[in-house]
Amino acid sequence: MPIRTRPTTWRTLATAAIAALTAALLTPAAADAAPPATPPVHSYADAVREAVWVDTGLDEDRDGRADRVAVDIVRPREAARAGRKVPVIMDASPYYSCCGRGNESQTKTYDGHGDIVRMPLFYDNWFVPRGYAVVGVDLAGTSRSDGCVDVGGRSDIRSAKAVVDWLNGRATAYRSRTGDERVRADWTDGSTGMIGKSWDGTIANGVAATGVEGLETIVPIAAISSWYDYYFSQGAPLYDSGPDRLAGYVQTPEAREHCTDVARELVDGAPRTGDRTPLWTERDYVRTAKKVRASVFLVHGMQDLNVRMGHVGPWWDALGRSGVRRKIWLSQTGHVDPFDFRRAEWVRTLTRWFDHELKGVDNGVDREPVADIERAPDQWVTSTAWPPRGTRTVTLRPARGAQDGVGALGLRPGRGTVTFTDDPALSETDWAARIDAPTPEKAGFVTRPLTRDLRLAGSSRVTVTVTPSAPTAHLSAVLVDLGPDTIRDYADAGEGIVTLPERTCWGPSTDGDSSCYRETRAKTADVGHTVVSRGWADLGEHAGTGRGEALVPGRRYTLTVDLAATDHVVPRGHRLALIVAGTDRGLIDPPADTPTLTLDLARTSARVPFLGGAAAFARATSGPPVTAPHTAPHGVRPPATAHRVPGDTR
């Protein structure tokens, strides 16, 4: 719904917001280091608002004509009159009519001529006055576009890539969905930056992985890098459905009627066995990261249990190997946009990023620290590289402890075996709360209380050798910080934020498009332990072939479980725990059987990246004894069992 705040209030709040942002930019240190962001010199009220339909070159809906995708454009009129070409900020989304964008679920609205009145989010209000065009693309099969939704496949990616091509003179657009009047993008210099959260950011990843010319930068927020890893983790199902349900969630009635063949392909190509099929290969953008030409500013919540952190490590590392210029923000939130957890700094940084990448402004943003990490709610630190220089992988070994059923974690190999039985009713929260007690559903191993802080940064791997009692088994491996802390409550409905009634404004507004959004604050929880990183796998995937197999009860198997990337400091006095268990309730689905697994300690290890490597770990776990702080056993509430879609913020 349009926001009903009075225009005078918008202008007052907008002036205050711009003044605050300018002040932040013009602090002495900032002024000495770099010029401020581009000022707002163009009229938002007088901006050109138009729609075109771009030919994708596909006929996914099999109607005998090429599919056209709807493209809504807001651009500065003054630049057009003066013949000055402008760069483009583009958000390609399936959510513009079905579901809405942002914390307030905004949808597009139109006037009687079909031209855009409200473009969701603040991008147009803020950037059009600064000399950018803002473009909202309806993915194929959604909103006002032709074609079919194929969930990250050829149709999805071509929907957006064709628009980049059109902006660079390589594709055809029309004034209407069915007409013959062609439209040229003669108002742009072709320099395009893509941005978006979740599915939108995923499309940015996918388009960048085509290597399309003219895409200069992408800003993927909580985005998928491989669709297989959205639905499965090494064969273990994360949700009880596949991409066909997701397509049905966003597609138009027209697409639902004409895209039955595509829907069938989504079902047949994504079997619930967890096997890696050609459908998943097509939707693996990490595989083609070597084609990426665009710079990447990546943002993700380290406790995002929708689009999980497992999407960050492989993509980030692949981009690094390809020499891509990168920047990263990692928050303590779940699936939340940075506009809703670090608003002023986000707008400031994003503006400078686009100025540098799309306008060529030498503002120093490329020379600033690569990584911003939220160490505690609203408390951020930076790293000149990520993972930080000096980070080394250390092999940790589980061993029996002084108490039967409560193991130790250190550098020396253990001996013997421990046994646990999958209990699908329990989760990582339950396991961590009972870490110091022998319980039948887990194998837990802990360090002694640390004598100094220990920073873990990057991706971990846990190799287990287990003997199952049944033909099917799923495994979970979890790293936990044991000790009291105050963290963002990522398991709450707001996933780490609370939305407030007060609004702030980011740019000018019109009667139909307000720049004013509800403020937020951190939603925190006092906890006795914090899950640092997680990973899951189907033991039937032990051979690494991408196809699961039935297990032979009583036979020993070795499997390496990939844990998600993270950046976390385990403080002095806390302990680090490794937990190996079966089904992690709410995060993976259980296997067909309820197996008991025997873990061979001598052949089990965890490879964990620590700043300072093995020497840092040895120092932190040696020296005079440290008394562990008294802690309540609880963490955040257990993860909710629910099917989500990338794009839902709640």
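Predicted model: local features only at pLDDT ≥ 70, side-chain atom pairs only at ≥ 80, totals over all residues.
The rings of F339 and W506 form a pair. Their centres lie 6.3 Å apart and their planes stand at 75 degrees, so the pair is edge-to-face.

Where do F339 and W506 lie in the chain? F339 is in the loop between β14 (326-331) and α13 (343-359). W506 is in the loop between β24 (497-505) and β25 (516-522). The pair therefore ties together parts that are 167 residues apart in sequence.

The structure holds 27 aromatic pairs. One of them joins Y95 and W199, whose ring centres are 5.8 Å apart. Their planes meet at 85 degrees, so this pair is edge-to-face. Y95 sits in the loop between β3 (86-93) and β4 (109-110), and W199 in helix α6 (residues 199-208). The pair links parts that are 104 residues apart in sequence.

Are these two residues buried or exposed? Y95 is buried, with a relative accessible area of 1%. W199 is buried at 0% relative accessibility. Both belong to a cluster linked by ring pairs.

## A charge over W536

R308 lies over the face of W536. The distance from the ring centre is 5.0 Å.

## Helices α8 and α10

Helix α8 covers residues 243-250, and helix α10 covers residues 260-268. The two pack at an angle of about 145 degrees. Their axes are 8 Å apart.

Which residues meet here? From α8 come P243, D244 and A247. From α10 come A263, L266 and V267. By class, this contact has five nonpolar residues, one charged residue and no polar ones.

## The chain as a whole

The chain has 15 helices and 31 strands. Its C-alpha trace spans about 80 × 60 × 40 Å along the principal axes. The radius of gyration is 25 Å. A compact globule of 650 residues would have a value near 26 Å, so the two agree.

Of the 650 residues, 60% count as buried. Among contacts with a separation of 6 or more, 78% come from residues 24 or more positions apart.

Notes:
Residues numbered from 1 in each chain as written. Heavy atoms only, no water. Axes fitted to C-alpha atoms, helices over the stretch in contact; angles between N-to-C directions. Helix = DSSP H or I, 4+ residues; strand = E, 2+ residues; numbered from the N terminus. Contact = heavy atoms within 4.5 Å. Nonpolar A, V, L, I, M, F, W, Y, C, P; charged D, E, K, R; others polar. Phe/Tyr/Trp six-rings, centres within 6.5 Å; stacked < 30°, edge-to-face > 60°. Buried < 20%, exposed > 50% of the residue type's maximum accessible area, 1.4 Å probe, protein only. Lys NZ or Arg CZ within 6 Å of the ring centre and 35° of its normal. Rg over C-alpha atoms; globule rule 2.2 N^0.38 Å.
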